[in-house]
Amino acid sequence: MTTLSTTLAKRLEDPRLFRQYAYVNGKWTHGEGGREEAVYDPATNEAIGHIPLLESEQVTAAVDAAEAAFVHWRALRADERCERLLAWYDLIQTNREDLATIMTLEQGKPLPDARGEVEYGASFVRWFAEEGKRTYGETIPSHIPNASLGTIKEPVGIAAMITPWNFPLAMITRKAAAALAAGCPVIVKPANETPFSALALAELAERAGIPAGIFNVVLGDPAEVSKILCGESRIRALSFTGSTRVGRLLIEQSANTVKRLSLELGGNAPFIVGPDMDPKEAAFAAIDAKFQTAGQDCLAANRILVHESIHDEFVEHFSERMAALTVGNGLHSEIDLGPLIHRQAVEKAAAIVDDAISKGAKMVGGDQSQAPGENFFMPVMLTGVTAQMKVWREENFAPVAGITAYSTDDEVIEMANDTEYGLAAYIYTHDIRRIWKLMRALEYGMVSVNSVKMTGPPVPFGGVKQSGLGREGGATGIDEYLETKYYCLGALGSVSGS
Ligand SMILES: NC(=O)c1ccc[n+]([C@@H]2O[C@H](COP(=O)([O-])OP(=O)(O)OC[C@H]3O[C@@H](n4cnc5c(N)ncnc54)[C@H](O)[C@@H]3O)[C@@H](O)[C@H]2O)c1
Ligand SMILES: N[C@@H](CC=O)C(=O)O
């Protein structure tokens, strides 16, 4: 195995958080076939480390380990699991700076954003540590003489998690903490672009006293590993965050084993600005909603729909503010946008911009000769975008903002809903009737009114249409990992009220 890269070695207070192995059954594991893959810092294209690609038997060994460990983990009291999860939470917080550094190096996002993600990811661990103590069943008024009826909640079983590269830590903790709190062992397959955050979480889980076999990280060829996880009948729940394309594939592959599926898929968020808004305030909010994580966010405001009466002023403020955004290596200070994850993402963004221009959109910004490296993409504003353009139809996952004008509420509702996606939508207006009308008519799982920030542990995060199935976080997030067992206790004798 290749040695720790000098960049990382120098930067971490605790170099043991940087692991270049898979983590199976409490052991750091290399690939038995000798296959490995390099992981690159997208800002510099420097290899920051290597990961092993496990053989299929090694992935199956993770399932064996989880199966064996399940017996003990589910038997713990909820408050005992809570304590381990809180210890994990504390360790994540204590090692925040190292975790943020690892994340910036593998994902590219600016260090302050990476610190924010570590906090955000940790917050799910604390939330579910507590929620695990509240997995109540029900008492059901009986319709059967002399019987008592009710439900209890039981862990669904081994849960597999396949996670994306854009939020390499929080997308794991939002799933894993819920499953662990429910009493389920977990097998995580992170994106190969960003495995080191997942492996650091495993190191901290071990230190927190989470037993061997309960939190596993498998690495390998994504299609190969996912096929095994989907086809494994002992894995009872599969939680995936990623593209709708891969989500569809996983649904197909899981059909034979009839698993519980939780899918957090792509988004194509509309950002609607009403005629009563201050165009500057709305433009600044739209900038925040579009350009975080360099636009590589499922919540990114892709289609900005502005009332015609304030459109031109809005566009002016938007372009002024966009021009002030700084693009560079996320490790440097005062950076707003880091690189895209790899060169293909840059090429895809360029193709989306070219397509829009060829169909009549006007471009502001986007002088790519100013890009500080080959994976960087300078932010672009496109005005006059239409439903025929890729920028409207596809999730661009890049700093490309499409803006267009509308004239009536009914028109903007139709425009906003004109997509296969239904994850999140933003509304900016202070008119309560308009807010209510739009909020009810928008076909989205989450609607945020006059606020860019909408997520956090208490929130049922998830989409409708082809943006996914199920909800993560909130009071219901743990249900994705619980089965309801109904019981009927018969022949109890006659008890009044039974
Ligand atoms: N709804 C949400 O909560 C949410 C959150 C974050 C990201 N996302 C979505 O994730 C996407 C970006 O992430 P991404 O590019 O990593 O997504 P992706 O679908 O390409 O990859 C996600 C995961 O699937 C794996 N994968 C890739 N190809 C596979 C295959 N053929 N078979 C099985 N697994 C495969 C990857 O290794 C990774 O672990 C965007 O569409 C974004 O909207 C959604
Ligand atoms: N920002 C999202 C992740 C989407 O890419 C979240 O908060 O979960």
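Contact is taken here to mean heavy atoms within 4.5 Å. In the predicted model, local features need pLDDT of at least 70 and side-chain atom pairs count only at pLDDT 80 or more, whereas totals for chains, interfaces and linings use all residues. Residues are numbered from 1 along each chain as its sequence is written, chains are lettered from A and ligands numbered from 1 in the order in which they are written, and side-chain values use heavy atoms, with hydrogens and water left out.

The domain assignment of the protein gives domain 1 (10-265 + 467-484) and domain 2 (269-449), with bounds that come from an automatic or database assignment. The centres of the two domains, taken over C-alpha atoms, are separated by 31 Å, and 25 residues of domain 1 are in contact with 24 residues of domain 2. An unreviewed UniProt entry places the feature "domain: Aldehyde dehydrogenase" at residues 28-486; such annotations may be inferred rather than shown by experiment. Over residues 28-486 the chain is 40% helix and 20% strand, with the end C-alpha atoms 40 Å apart, where helices (H or I, at least four residues) and strands (E, at least two) are DSSP runs numbered from the N terminus.

Ligand 1 is surrounded by 29 residues, of which Thr163, Trp165, Ser243, Leu265 and Glu395 are the closest, a residue being counted if one of its heavy atoms lies within 4 Å. Domain 1 and domain 2 each contribute at least three residues to this shell, and at least two residues come from each of helix 6 (170-182), helix 8 (222-231), strand 10 (235-241) and helix 9 (244-254). By class, the shell comprises 17 nonpolar, eight polar and four charged residues, with Gly counted among the polar ones and Tyr, Trp and Cys among the nonpolar ones. Polar contacts (pairs of N or O atoms within 3.5 Å) include a polar side-chain atom of Ser243 at 2.6 Å from an oxygen atom of ligand 1, one of Trp165 at 2.8 Å from an oxygen atom, and one of Ser226 at 3.1 Å from a nitrogen atom of ligand 1. The protein covers 89% of the 830 Å² of accessible area that ligand 1 has on its own, as computed by the Shrake-Rupley method with a 1.4 Å probe.

The residues around ligand 2 include Asn166, Phe167, Asp297 and Phe461. A polar side-chain atom of Tyr120 lies 2.6 Å from an oxygen atom of this ligand, and a polar side-chain atom of Arg174 lies 2.9 Å from an oxygen atom of ligand 2. For Cys298, a backbone N or O atom lies 2.8 Å from an oxygen atom of ligand 2. Taken alone, ligand 2 exposes 260 Å², of which the protein buries 96%.

Key:
A polar contact is a pair of N or O atoms within 3.5 Å; within protein, one must be able to donate a hydrogen and the other to accept it, and residues adjacent in sequence count only if both atoms are side-chain atoms.
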